[in-house]
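Me: I'm new to this one. Can you walk me through it?
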Amino acid sequence: MSLSALVRAELDRHDWDSLRCGCGGPAGHVPMMFEAIIEAGTPGDMTGYTLANHLERETNLFEASVPAVGVILAALAGDLSPLARAEFLITLWRLTSGESHTTEAALGRPLLGDECRARCREGFWVVGRIGLTGSAEEAETVADIVEFTDLDEERSAYYQSLLRERIRARTKRHRAV
């Protein structure tokens, strides 16, 4: 796959060098990691390219996490390999379930988790589409993302129920084969 115009626009819209990264330096290398994940054809092509420990460490978030949510949503809105889609969904789950790393909170960014969840809500329909049309594993990840991000309890409960029923139905079908 190649980088879409929407992903390129989201990447270019931020000064990544001015953002703190989980690896301890500026996040200027994060756009290259996004590109490598999107363009990877095999798991081997992704070796060494992961967003873990850059955007978050065990759901402890860093400053680069917030704009990364927009990039992930832009990527998920387009055509992605199953490998890239899985990497981005898991990363989005970590970002939406996370909270600021203690170093970020000390530097005045104590609400990075809230910021990531707010950004993710902007792309609810992109994430929801994947959950309702993708694999059972994707539906499960999306159900968890919805649980963390949707402030409307009624809508959140409805979609979580719908997604979890989809997971059960797809899992039963795979067992029967």
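Me: Which helices each supply at least two residues to the lining of the largest pocket?
Reply: Helix H1 (5-12), helix H3 (65-76) and helix H6 (112-122) do. Keep in mind that this is a predicted model.

Me: Which of them gives the largest share of that lining?
Reply: H3 does, with three residues.

Me: And what residues line the largest pocket?
Reply: Leu6, Glu10 and Arg13 are among them. The lining also includes Gly70, Leu73, Ala74 and Ala77. Arg119, Glu122, Gly123 and Val126 belong to the lining too.

Me: How does that lining split by class?
Reply: Five residues are nonpolar, two are polar and four are charged.

Me: How much space lies in the largest pocket?
Reply: About 160 Å³.

Me: Now cavities. How many of 30 Å³ or more does the structure hold?
Reply: One. The volume of the largest cavity is about 40 Å³.

Me: What lines the largest cavity?
Reply: Its lining is made of Cys120, Arg121, Phe124, Val127, Ile145, Val146 and Thr149. H6, H7 and H8 are the elements that give two or more residues to this lining.

Me: Which element gives the most?
Reply: H8, with three residues.

Me: And the classes there?
Reply: The lining of the largest cavity has five nonpolar residues, one polar and one charged.

Me: Back to Phe124. What sits over its ring?
Reply: The charged end of Arg155 does. It is 4.3 Å from the centre of the ring.

Me: Which residues do ring pairs link into a cluster with Phe124?
Reply: Trp125, Tyr158 and Tyr159. Together with Phe124 they make up the cluster.

Me: How many aromatic pairs does the count come to?
Reply: Five. One of them joins Phe34 and Phe88.

Me: Why is the pair of Phe34 and Phe88 called tilted?
Reply: Its planes stand at 35°.

Me: Is Phe34 buried or exposed?
Reply: Buried, with a relative accessible area of 0%. Phe88 also counts as buried, at 0% relative accessibility.

Me: Switching to strands. What order do they take in the sheet?
Reply: The order is E1-E2-E3. These three strands form an open sheet with mixed pairing.

Me: Which strands stand at the edges?
Reply: Strand E1 (56-57) and strand E3 (99-100). Each has a single partner strand, so one side of each has no neighbour in the sheet.

Me: In what sense do E2 and E3 pair?
Reply: Parallel, over two bridges. E2 covers residues 60-61. Asn60 stands opposite Glu99 in E3.

Me: What is the phi of Glu58, in the loop between E1 and E2?
Reply: About 50°, a positive value although Glu58 is not a glycine. Glu58 is exposed, with a relative accessible area of 73%.

Me: And what is the phi of Asn53?
Reply: Near 70°, which is positive, and Asn53 is a residue other than glycine. Asn53 is found in the loop between H2 and E1. It counts as partly exposed, at 45% relative accessibility.

Me: Last one. Where does Thr141 lie?
Reply: In helix H8 (residues 136-149). Thr141 counts as buried, at 10% relative accessibility. From C-alpha to C-alpha, Thr141 and Glu39 are 22 Å apart in space, and in sequence they are 102 residues apart.

Conventions
Residues are numbered from 1 along each chain as its sequence is written. This is a predicted model: local features need pLDDT of at least 70, side-chain atom pairs count only at pLDDT 80 or more; totals for chains, interfaces and linings use all residues. Side-chain values use heavy atoms; hydrogens and water are left out. Two strands pair if DSSP finds at least two bridges between them. Helices (H or I, at least four residues) and strands (E, at least two) are DSSP runs, numbered from the N terminus. On a 1 Å grid over the protein atoms alone, a cavity is a set of points where a 1.4 Å probe fits but cannot get out, and a pocket is an open set with protein on both sides within 12 Å along at least five of seven lines; lining residues have an atom within 4 Å of a point. Grid points are joined across faces, edges and corners, and a volume is the space filled by probe spheres set on the points. Ala, Val, Leu, Ile, Met, Phe, Trp, Tyr, Cys and Pro count as nonpolar, Asp, Glu, Lys and Arg as charged, and the others, Gly among them, as polar. Rings of Phe, Tyr and Trp (its six-membered ring) pair if their centres lie within 6.5 Å; planes under 30 degrees apart count as stacked, over 60 as edge-to-face and the rest as tilted. Buried means under 20% relative accessible area, exposed over 50%, partly exposed in between (1.4 Å probe, protein chains only). A charge sits over a ring if NZ of Lys or CZ of Arg is within 6 Å of the ring centre and within 35 degrees of the ring normal.
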